[in-house]
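Hello,

Here is the structure you are getting from me. My notes follow it.

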Amino acid sequence: MAQLNVVVLITDAGSAETGGPRIVYVNDAFERVTGFARAHAIGQSPRFLQGKNTQAAELALMTQALRIGQPVRVELINYTVEGKEFWIDLDIVPVTNAAGLCVNYIGIQRDITEKKKAQALVEQLAHHDALTGLANRRLLADRFKQTLAACARQPVYCGLLVLDLDDFKSMNDTFGHAQGDALLVEVAKRLTACVRDVDTVARLGGDEFVVLIQSVGNDAAEAASNAETVARKILNRLSQNFNVEGESYHLTASLGIALFNNAAFPMDALFKQSDLAMYQAKKAGRNTFRFFDAGMQVMVDERSWLGGELRQALAQEQFTLHYQPQFDTVRGLVGAEALLRWDCPGRGQVSPTVFIPLVEQIGLTKSLGHWVLEAACQTLVHWSTLPALSHLTLSINVSPKQFQLPDFVESVMACLQRTGARPDLLKLELTEGTLIHDLKGVNAKMTALKSYGIGLSLDDFGTGYSSLNYLRRLSLNQLKIDQSFVQSVLTNENDAAITRTIVTLGKSLGLEVLAEGVETLEQKEFLTQIGCHAFQGYFFSKPLPALAFEAFVSNCD
Ligand code: C2E
Ligand code: MG
Ligand code: MG
């Protein structure tokens, strides 16, 4: 018995008061294997051998079997006295007395650590590429299936990127396969570093890599834009020199992208799509990416073209401000919102909803923001010379990125001083996005602006996700109910309820509430009825060029 390598452990039947079975006997092998002394073990629950990686499901199975007096066999991780993990195959048999009552449990356990290691190795080999350690085709297929299942629960876009190194074959032939392999290992590392943990990077052999990216966007446009970001990041990382065993190499790759959000999409078809796109990238001169979906490619190309045009737009004076009147039931016309317009040559008017995000991507936020501020202040100064317009306020839109600029407050003050515009006629429209980060810092800026008499308005209110609690603490003057609610107040009860709530909320906080996007008399009447008295929208007027706005004002009287 003393030389036996099988661990034998006997417990009593245990009871609720004692916290379950307690150890009454262990053999010599127990001491050898676990490192715990017999004296330490006796009287304890066998649970002291378990730890954080012990299989909870196996334990549950064990408890359940023993409760109904059945023998049971489980595979578990146990811990030695030094905290080292080892795997056991554990057989437990209940021993009953003459009356049929359980009096003891006998546990017999064998060490199966080596077997488990071998299994893990087989598993690793079966699911991973031996050279790079990346997922292989089989694991990729599994992950793909899981992704599709997730798509079925929640339709969100995912992407399959196929990547082929440019001219890798000739490089392999020139420098030898050992260097080639070492390079592939480096490529694998860089690819893995470019994506998130939830994404899968696989090597399907040779120099063909595949990246499965999860949840790239809720709609096609967002997905295309995010997939583009990933693709650029990958191309950029790969094009940096590789140093392998003292040699420096330069590599590029061609990438094909297929996006999907449909659980019924077969993997083969998607592979064909990404492959096709990858060949188009090769044809287009390599070191680039292509989308399978022509529409997405157009979208991405168009954005990159527009980005190029945008860089010149400021210098070439292609921006103007249009002015949309704002009304109040008591005083009539009280002000206007300045809305940016870009007259792009060969393209016509481009909507700010398209170009503002681009402005931020290409780093023009500050200069364009300055331009708008300057133009608005000059407009205020010009209006001050016209009796019919001298009392009007002018609102400008400030993006979260612009507001975050460290010298934002100073630049506004400098502009007011330079132009001589009245601060109390200038209003800044912020969005909830501005309030998401660093609320304290944001509020400090708002308080400073307000102390100079500048008005602060919260635009598109009701669409953000932020909590309403912050409102109380902010130095705001006005809430603008988002047009999506306003436009359906008469047709959608939910939106009507939200609108009512915003009006009540605004009143309780002492804020003016303005409804934007008012298109019909009926909407205006409903809003008036629920206590909203300020409006802006096509029902009153579309945004107008400067001169047309002045003409509009003189017709108002
Ligand atoms: P916003 O600030 O919420 O502006 C209101 C938008 O609704 C404007 O679109 C306006 O033309 C439109 N609108 C006004 N009344 C109605 C209506 O009755 N019905 C409908 N359907 N639409 C109406 P626009 O000019 O295309 O501007 C879109 C957004 O672009 C603005 O939304 C604002 O967030 C941003 N934006 C505009 N100018 C600037 C700017 O100078 N700087 C920054 N950062 N963003 C700007
Ligand atoms: Mg606005
Ligand atoms: Mg708005």
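Start with aspartate 460: at 29% relative accessibility it counts as partly exposed. Aspartate 459 counts as buried, because its relative accessibility is 6%. The cut-offs: buried is under 20% relative accessible area, exposed is over 50%, and partly exposed lies in between (1.4 Å probe, protein chains only).

The model is predicted, so local features need pLDDT of at least 70 and side-chain atom pairs pLDDT 80 or more, while totals for chains, interfaces and linings use all residues. Residues are numbered from 1 along each chain as written, chains are lettered from A and ligands numbered from 1 in written order, and side-chain values use heavy atoms, without hydrogens or water.

**Strands**

Helices (H or I, at least four residues) and strands (E, at least two) are DSSP runs, numbered from the N terminus. Strand E18 covers residues 455-461 and pairs with E17 in the parallel sense over four bridges. Pairing takes at least two DSSP bridges. Glycine 455 in E18 is the bridge partner of lysine 427. On its other pairing, E17 runs parallel to E16 (residues 393-397), again over four bridges. Five of the five residues of E17 (426-430) are buried.

Regards
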